[in-house]
Structure formats: C-alpha cells, structure tokens
Amino acid sequence: MSTSTAGPSAPGLGDTWARLTAGDLGDVDPVDLIAVVESVASRASALDRGEADLRRDVTVLADLGLFDVDRTPVAVAAAIFEAVATESLAVAFAAWAQRMTAVYLRHAEHRSEATERAYRAVAAGERPGVTGMAAAQLQAVGLGEVPVTATPIDGGYRIDGPVAWASNLYADSTIVLAANTENGRSLVLALEASDPGVTIQSAPDLLALNATASTMIGLNGVVVPGEQVLGEDLPTFLAGARAQFLILQAAFCSGVAARSVTEAERRLEGLGAFSAEEHAALAARHEHMHSELHRLAARPGEATLTELLLLRLAGTEIAPAATRLEAILCGGMGYAQGAPANRRMREAAFLPVQSPSQSQLRWELDRLGVAT
Ligand SMILES: Cc1cc2nc3c(=O)[nH]c(=O)nc-3n(C[C@H](O)[C@H](O)[C@H](O)COP(=O)(O)OP(=O)(O)OC[C@H]3O[C@@H](n4cnc5c(N)ncnc54)[C@H](O)[C@@H]3O)c2cc1C
C-alpha cells in the first residue's frame, strides 16, 4: 500500500483541506478523491432539497473502494469520510451506514454463501446497506432491549417487531439488525428489504438528511434462513466492530466541523471579532479531535473504549457548535434554508442524537469513571 497523502496543496478543496491535511489515503489516488468530493459538493444543495438521488454518490464512493472492507482500512476510510463530510453530511452519513453494513456482513461469525454474496453486493455499492442497530447498541450496554424477536423455525428464524429508525431504506436494500430469542439469546441477522413481511414506512419529513432515506421498518413474520445469522451473541459481535463504528462516526463529525471552522474564520472581522475567542477555542478543540481521530484510526485495535467514546463525544459537541457559530456569523443568510451554512447547521443537529447518543456516551463514560 502506498503512503500517498493529499496535502494542503491539493487543488479543489481549498482551506478546509488545508485544515484537515488528510490522513493516510492508502491506494486511493488523491486526484480521484478530490473528484469525488467535488462531485458531492456540486450536488449537496440539490440533495438537501430532495432533488437528487443520494444512491449516485454512494456508487461513486463504492468505485473509490470505500465499502470494500478488505481493501480500504479504517485509517483510509476515516480520511475519506472526513473529506466527504466537508461538503455533505447527508452523503457521509449514508455512506457510513453502507460501510458499517459491509463491515457487519464481513465479520459474520460463520460465513455462508448468502452472507458472502450480500457482502459483495453492498461493498460494490450495487445494493444499499442498512444497519438497524441503534436499539442493539443500547441493549449491549444495558440501557434497553431490542424490540425485535427471533423465533426458531425449521431452518432458521421468524423475525417480528419494529426498527424505529434506519437509513438507506430502498426496495432493494440489504438490512442488518439484531433480534432476541425467547430463551435470552441475542442474534445479529441479515435480510432483504424485499423479503415477505418487511414493511418500509414512508419517510417522515426531517430537519435535514431527507436524502438519506431514513425511516421505520416493520417486520412481520419475516423468515430468515440460519445461514443469514451473522452473530449469536450481540455484545461480542458489536464489540468486534465498535472501534471502527465510532472512529468513522467521528470522521464525519470532524469533516463537517472542519468546514464550519474554516468558513467562520473568514467572518471574524468587524463585529465578528466578538466571536474570535469562541472560534479559536472551537478550532483548537477540532484540531485535537482531528489528530486523535487519525491516531486512533491508524491502530483501531489498540484504541481503548474511553478514547473511542471521548472521540465520538467530541464530535457530538464540536460539530454542532461550529456549524451554529458559522450560521450566526453569516447573519440573515445563515437563517436561509438554501445557504450551505444553514444546511450544515441542520445536518449537524443530528450528531448528538445519532446512536450512541450524546447522553449514552456520557452515561458510558460515567460508568468508566471518566468525567465529561
Ligand atoms: C435521520 C435519522 C437517521 C437514522 N439512521 C439510523 C440508522 O441508519 N441506523 C440506526 O440504527 N439508527 C438510525 N437512527 C436512529 C438514531 O441513531 C438514534 O438511535 C435515534 O435517533 C435515537 O432516537 P430514539 O427516538 O430512538 O431515542 P431513544 O434511544 O429512545 O432516546 C431518547 C433519549 O432518551 C435517552 N435514553 C435512552 N435510553 C435511556 C435509558 N435507558 N435511560 C435513560 N435515558 C435513556 C437517550 O440518550 C436520549 O436522550 C437514525 C435517526 C435519524 C433521525
């Protein structure tokens, strides 16, 4: 693998790229990444207005290898997510769900022909990948229970219950979710949105991220063959992917924060000078987060849980604060829906809500004895 990096002089991404100075890009050609990011930039507003199809952006990122878990290590994926999020959090978030679906399929305890096939289709961007695992995250740390049940039947399981939220939900999606059996086992399974008994609710109108096709899934007597069981112990299964999960979430938090910190910096003159201190504090916090992100992404297996939780918590705090500051410094235009600053502020409002939520992160850190 080459160690090429796109440095501050990379054309096209301007000051934000300089602020980020991308991490390891592995065998991804910086020129290709810049082309992808520019394409995302040109579509970000249309995506926000619901006038473009985000699946096209996912396909372009698939061509870059972002969802190929074997080819693109966490460090490289983190640099790509961060760069994409400087232009559109909607694209970065949907791509994250695609990558995590690929990761879960790849990490199946018993690989079968069915899971291999599903993995290849998701990794290639041919099928949208859905991870309906928020309730599973809560259950794994003892904060709740997955409301989906798995009842053993001949050759597999019957699956029933709701998934409150998931993204990338289309008729041809592959879905990974957790389900509990009556005798206390917690499974991770893969199924298709087209399977009989799967209902995708119509999507609610959101503050932002409407392009991510996020809504509720109903499961009513869905038959899942045994070979599509990815894991038979939820906490162990999630623990195996948790470092990557949190690092890549933090990557898109960092990207959107970097963009707003950069844009805000241009507006610190005149009355804007009164925000200079707040901006400097956010810029310093972001810089620290960005370097922690790439330090941990380079060796995800060595990251401690505390480091990972603190990294993701920083993302839930810095990105919303930076986008809000940018919008304020933009004045009236920052309040106009069509302004990029306004879009970033609306998009970043999701970050403290996304599972694991800011409250869950604080709760977990508190249990580890870490003050937040
Ligand atoms: C646009 C969008 C896209 C999404 N995409 C996905 C996706 O692709 N995959 C996915 O899995 N999820 C997805 N989600 C869900 C998301 O990750 C969060 O899980 C979800 O928004 C949390 O909302 P909730 O209503 O389920 O809240 P809850 O989880 O019910 O939490 C509500 C509040 O209560 C707190 N709380 C929860 N449990 C406890 C407890 N036991 N004790 C005390 N406090 C508690 C929480 O911290 C929070 O502050 C998406 C959500 C949205 C809005």
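The protein chain has an average pLDDT of 94, and 96% of the residues score at least 70. Where pLDDT is low, the predicted coordinates should not be read in detail.

The domain assignment of the chain gives domain 1 at 14-106, domain 2 at 128-233 and domain 3 at 235-367. The centres of domain 2 and domain 3, taken over C-alpha atoms, are separated by 28 Å. Contact between these two domains involves 14 residues of domain 2 and 13 residues of domain 3. On the side of domain 2 that touches domain 3, helix 7 (134-140) and strand 8 (229-231) each contribute at least two residues. The most is given by helix 7, which supplies five residues to this side. By class, the domain 2 side comprises eleven nonpolar residues, two polar residues and one charged residue.

Helix 2 (residues 30-48) packs with helix 3 (residues 55-63) at an angle of about 175°, and their axes are 10 Å apart. With angles over 145 degrees counted as roughly antiparallel, helix 2 and helix 3 are therefore roughly antiparallel to each other. Helix 2 contributes Val 36, Ser 39, Val 40 and Arg 43 to the contact, and helix 3 contributes Asp 57, Val 60 and Leu 61. These residues divide into four nonpolar, one polar and two charged.

Helix 8 (residues 234-265) and helix 9 (residues 276-298) pack at about 150°, with an axis separation of 10 Å. Helix 8 and helix 9 are therefore also described as roughly antiparallel to each other, and their crossing is left-handed. From helix 8, the contact uses Ile 247, Ala 250, Ala 251, Ser 254, Ala 257, Ala 258, Val 261, Ala 264 and Glu 265. The partners in helix 9 are His 279, Leu 282, Ala 283, His 286, Met 289, His 290, Leu 293, Leu 296 and Ala 297. The contact of helix 8 with helix 9 contains 13 nonpolar, four polar and one charged residues.

Helix 9 also packs with helix 10 (residues 305-329): the two axes come within 10 Å and cross at roughly 145°. The crossing of helix 9 with helix 10 is left-handed. Residues of helix 9 in this contact are Glu 278, His 279, Leu 282, Arg 285, His 286, Met 289, Glu 292, Leu 293 and Leu 296. They meet Glu 307, Leu 308, Leu 311, Ala 314, Gly 315, Ile 318, Ala 321, Ala 322 and Leu 325 of helix 10. Eleven nonpolar, three polar and four charged residues make up the contact of helix 9 with helix 10. Residues of helix 9 including His 279, Leu 282, His 286, Met 289, Leu 293 and Leu 296 take part in the contacts with both helix 8 and helix 10.

Two local backbone features were also identified. Ser 355 and Pro 356 are joined by a cis peptide bond, with omega about 0°. Pro 356 lies in the loop between helix 11 (340-348) and helix 12 (358-367). Asn 168, a residue other than glycine, has a positive phi near 65°. Asn 168 is placed in the loop between strand 3 (156-166) and strand 4 (174-180).

Definitions and conventions
Residues are numbered from 1 along each chain as its sequence is written. This is a predicted model: local features need pLDDT of at least 70, side-chain atom pairs count only at pLDDT 80 or more; totals for chains, interfaces and linings use all residues. pLDDT is the predictor's confidence in each residue, from 0 to 100. Axes are lines fitted to C-alpha atoms, for helices over the stretch in contact, and angles run from 0 to 180 degrees between N-to-C directions. Helices (H or I, at least four residues) and strands (E, at least two) are DSSP runs, numbered from the N terminus. Angles under 35 degrees count as roughly parallel, over 145 as roughly antiparallel, 65 to 115 as roughly perpendicular and the rest as oblique. A crossing is left-handed if the near helix is turned anticlockwise from the far one by less than a right angle, and right-handed if clockwise. Two residues are in contact if their C-beta atoms, placed from the backbone, lie within 7 Å. Ala, Val, Leu, Ile, Met, Phe, Trp, Tyr, Cys and Pro count as nonpolar, Asp, Glu, Lys and Arg as charged, and the others, Gly among them, as polar. Domain bounds come from an automatic or database domain assignment.
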